[in-house]
Amino acid sequence: MKKRIMVVDDSCIMEAQISEMLVGTEFEVVAYCENGEDAISLYEEVQPDVVTMDIIMPKLDGLEAAKMILEEHPDARIVMISSLAYDDTIQEAETIGAKAFLYKPIDCETLLDALQKATI
């Protein structure tokens, strides 16, 4: 059985790239959200094994959305993916409970490594 991924990113191109990278792997994208608000409301319904979460998004940013998901679902596994590369942002993601932080643009090997570590 494949591990279920929810992609949260305001760019549908990113969702398409991640879906393409996961073809033939143990992972599959089962849900896509364009902002943090949608991610929070859809998480319960989808119950993904891992969430990939962008940081800069409309309505509710990824850090706040991750925090709210983890408060409600402490066992959630979230991998932050962003072009925002400040040390304090990475530290905040770790403090919130994110399992990994990847920099855009991502490559297949880095993504798979982070997803596998997050689901151990």
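Student: Why is D9 called buried?

Tutor: D9 has a relative accessible area of 3%, and buried means under 20%, exposed over 50%, and partly exposed in between (1.4 Å probe, protein chains only). So D9 counts as buried, at 3%. Before we go on: this is a predicted model, where local features need pLDDT of at least 70 and side-chain atom pairs count only at pLDDT 80 or more, while totals for chains, interfaces and linings use all residues. Residues are numbered from 1 along each chain as its sequence is written, and side-chain values use heavy atoms, with hydrogens and water left out.

Student: What makes D9 and K104 a salt bridge?

Tutor: Their side chains come to 2.9 Å, N to O. A salt bridge is a side-chain nitrogen of Lys or Arg within 4 Å of a carboxyl oxygen of Asp or Glu, so the D9 and K104 pair qualifies at 2.9 Å. The two are 95 residues apart, with D9 in the loop between β1 and α1 and K104 in the loop between β5 (100-103) and α5 (108-118). Helices (H or I, at least four residues) and strands (E, at least two) are DSSP runs, numbered from the N terminus.

Student: Is K104 buried, exposed or partly exposed?

Tutor: Partly exposed, because its relative accessible area is 25%.

Student: How many salt bridges does the structure hold?

Tutor: Four. One of them joins K3 and E26, at 3.1 Å, N to O. That pair links distant parts of the chain: K3 sits in strand β1 and E26 in the loop between α1 (12-21) and β2, 23 residues apart. K3 is partly exposed at 25%, and E26 is partly exposed at 34%.

Student: How do you know that K117 and D113 are about one helical turn apart?

Tutor: Because they are four residues apart in helix α5. K117 is exposed, its relative accessible area being 56%, whereas D113 is partly exposed at 36%. Elsewhere, salt bridges that share partners join D9, D54 and K104 into one network.

Student: What makes the nonpolar core a core, and which residues have the most contacts inside it?

Tutor: A nonpolar core is a set of buried Ala, Val, Leu, Ile, Met, Phe, Trp, Tyr and Cys residues joined through side-chain atoms within 4.5 Å. The largest one here has 25 residues, and M6, V8, V51, M53, I69, I78 and M80 have the most contacts inside it. Among the elements giving two or more residues to this core are β1 (3-8), β3 (50-53) and β4 (78-82). The largest share, five residues, comes from α3.

Student: Why is A39 called buried?

Tutor: A39 has 0% relative accessibility, so it counts as buried. This residue lies in helix α2.

Student: Which residues form the negative patch?

Tutor: E44, D61, E64, E71, E72, D87, D88 and E92 form it. Asp and Glu count as negative, and patch residues have over 30% relative accessible area and no salt bridge, with like charges joined within 9 Å. Helices α3 (62-72) and α4 (87-96) each supply at least two of the patch residues.

Student: And why is D88 called exposed?

Tutor: Its relative accessible area is 54%, so D88 is exposed. D88 lies in helix α4.

Conventions. Patch = residues over 30% accessible without salt bridge, like charges linked within 9 Å, V, L, I, M, F, W, Y side chains within 5 Å. Areas by Shrake-Rupley, 256 points an atom, 1.4 Å probe, with all protein chains shown as cover. Charge placed at Lys NZ, Arg CZ, Asp CG, Glu CD.
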